[in-house]
Amino acid sequence: MKFRYLNNVVTLKLDQDKCSGCGLCVEVCPQAVYTLNGKVSLITDRDACLECGACAQNCAPGAITVRPGVGCAFAILMDMFNIKSQCCGDACSCSLDNVQD
Amino acid sequence: MSKKEFNLPMVEDHQPVSCCAGEESAHKYGQASEAGWVVGQIETVAGPVHRIATTLGGRDRLGSIKTRWGLGRMSYTIPPGLYGVGNPDHSSPVLVSANYKLSFDSLRRELSGLDLWVLVLDTKGVNVWCAAGKRTFGTEEVVRMVKATRLPELVSHRLLILPQLSAPGVSAFKVRNRCGFKVIFGPVRAADLPAFLKAGNRAEPAMRRTHFGLLDRLVLTPVELSALAKPLAVFTLFLFLLNLFSLLVSGGPVSPAPLIGQTLSDLFPFLVAMLIGAVFVPALLPYIPGRAFSWKGLLLGLIWAATYRGLFDPAAGWLQTASYFLLIPAIAAFLGMNFTGSSTYTSLSGVVKEMKFALPLIITAAALGLIALVAAYFV
């Protein structure tokens with residue numbers, strides 16, 4: 001079963017003119033957002049994106065942009081109150097200190 | 001596996017391999033050689049390397065359970081460095097992992113019968129996915145550890161196999177430019193590694209997806225529960241004092257047993273509200289209609305409020321009833337929303353959007369609910 005979250009919210013963008021067709025975005029995406037269409041990558045399930053940033057990080061020509069971050073209410077809350085939580089062993093989330101790459 | 005669970009291996013102290021670590025980290029992490037998971041040494045051109053066990057012992061299992069309940073979770077680490085499995089040589093594959101012990105254990109138990117190297121990065125005891133998000137499992141760290149462990153002298157190939165979920169932190173093309181090693185992203189789950197290696201480092205599409213099954217979700221709930229211990233204690237004390245004051249105000253006799261009994265019975269509906277948010281929402285996640293996590297909590301909370309009012313407290317007055325219908329959904333919605341961080345599929349943009357809508361409602365409902373709750377004791 002594929003879980004679905006909110007639609008039309010993610011910051012993911014792909015500039016196909018810059019795409020080299022290497023297919024690494026297809027490979028690293030855990031949500032099957034991309035499909036390789038011949039020599040270019042295509043975003044075929046944008047709403048499945050969780051903004052982890054794996055694709056952009058591994059796109060050598062820089063065709064992909066996304067604001068990477070962790071979809072965690074608790075971390076966002078801590079950030080709102082400027083509390084640095086040491087999180088993330090396992091069930092927990094990441095602090096937002098490097099949401100912007 | 002959730003946003004958080006993947007992983008791999010480690011290294012050692014007293015030898016050249018120690019790069020990163022040195023005295024300070026040997027002290028901080030303890031000696032790996034004393035750990036039950038080291039089963040020998042492998043002599044290499046870069047010095048001795050610990051051979052690791054591919055089976056988990058009682059201590060490993062106990063450690064996992066404690067960690068799942070949030071006990072010592074932030075210090076459940078292994079020393080970063082290079083380790084060996086079986087009898088690896090210069091042509092053996094190199095896996096890269098985080099130094100969170102839970103991650104490391106879930107990797108090594110899948111490796112029996114294989115000969116390979118495991119390069120454990122210093123991710124500050126954080127699992128692969130989260131560490132990648134924080135860039136501690138990142139390009140820099142991979143390059144640093146490759147050099148520190150003298151990996152180029154130890155293996156004749158130039159290939160590193162990284163967990164797929166480290167890709168948010170590691171840029172394959174940058175690693176290659178910086179240290180000459182080609183990065184291959186392996187499967188999401190360590191369990192698929194043997195099949196991946198056997199297929200010549202090829203992952204089936206299914207190996208590239210996260211799974212978030214019932215067990216994956218349930219295993220994350222104890223941590224949510226243990227985080228509730230403190231708020232629960234405060235709330236219980238609050239109800240106790242409310243009962244005490246209302247007795248004093250009404251001039252009734254004050255005796256401990258009925259007072260405690262009443263407190264616990266008053267606590268019950270709200271305790272269940274906490275369980276709904278922390279356990280039932282995660283467990284029933286795909287079956288509760290709607291997408292926002294707070295909405296799922298709200299829905300179950302309303303059902304429970306109606307059930308409790310109808311079946312357990314049919315004589316409740318309007319203030320009491322209002323406190324149930326405001327406070328219970330607020331608690332369940334808030335805790336449900338908190339599970340976004342444990343899920344594998346929520347985006348930052350999505351959670352921000354959900355919170356903008358849900359948080360003001362939750363706070364308002366909780367505040368009004370508390371007022372009604374207190375008032376009900378004295379009206």
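A salt bridge is taken here as a side-chain nitrogen of Lys or Arg lying within 4 Å of a carboxyl oxygen of Asp or Glu. In this predicted model, A:Glu27 and B:Arg208 form such a pair, with their closest N and O atoms 3.6 Å apart, and the rule finds one salt bridge across the interface of chain A and chain B. Across the interface of these two chains, 16 residue pairs are found in polar contact, with both residues of each pair at pLDDT 80 or more.

On the side of chain A that touches chain B, at least two residues are supplied by each of three helices, namely H1 (24-28), H2 (54-57) and H3 (73-80) of chain A. The largest share of this side, five residues, is contributed by H3(A). When the residues of the side of chain A that touches chain B are sorted by class, 32 are nonpolar, 12 are polar and six are charged.

Taken as a whole, the contact draws 50 residues from chain A and 59 residues from chain B. The area buried between chain A and chain B amounts to about 4600 Å², and carbon and sulfur atoms give 59% of that area.

A nonpolar patch is also found on the surface, where B:Leu237, B:Leu241, B:Phe245, B:Leu248, B:Val249, B:Val254 and B:Phe378 together have about 660 Å² of accessible area. Helix H11 of chain B, which covers residues 229-250, provides the largest share of this patch, five residues, and B:Leu248 is found in that helix.

Note on methods. Residues numbered from 1 in each chain as written. Chains lettered and ligands numbered in written order. Predicted model: local features only at pLDDT ≥ 70, side-chain atom pairs only at ≥ 80, totals over all residues. Heavy atoms only, no water. Contact = heavy atoms within 4.5 Å. Buried area = accessible area lost by both parts, 1.4 Å probe. Polar contact = N/O pair within 3.5 Å; in protein donor to acceptor, adjacent residues only side chain to side chain. Helix = DSSP H or I, 4+ residues; strand = E, 2+ residues; numbered from the N terminus. Nonpolar A, V, L, I, M, F, W, Y, C, P; charged D, E, K, R; others polar. Patch = residues over 30% accessible without salt bridge, like charges linked within 9 Å, V, L, I, M, F, W, Y side chains within 5 Å. Areas by Shrake-Rupley, 256 points an atom, 1.4 Å probe, with all protein chains shown as cover.
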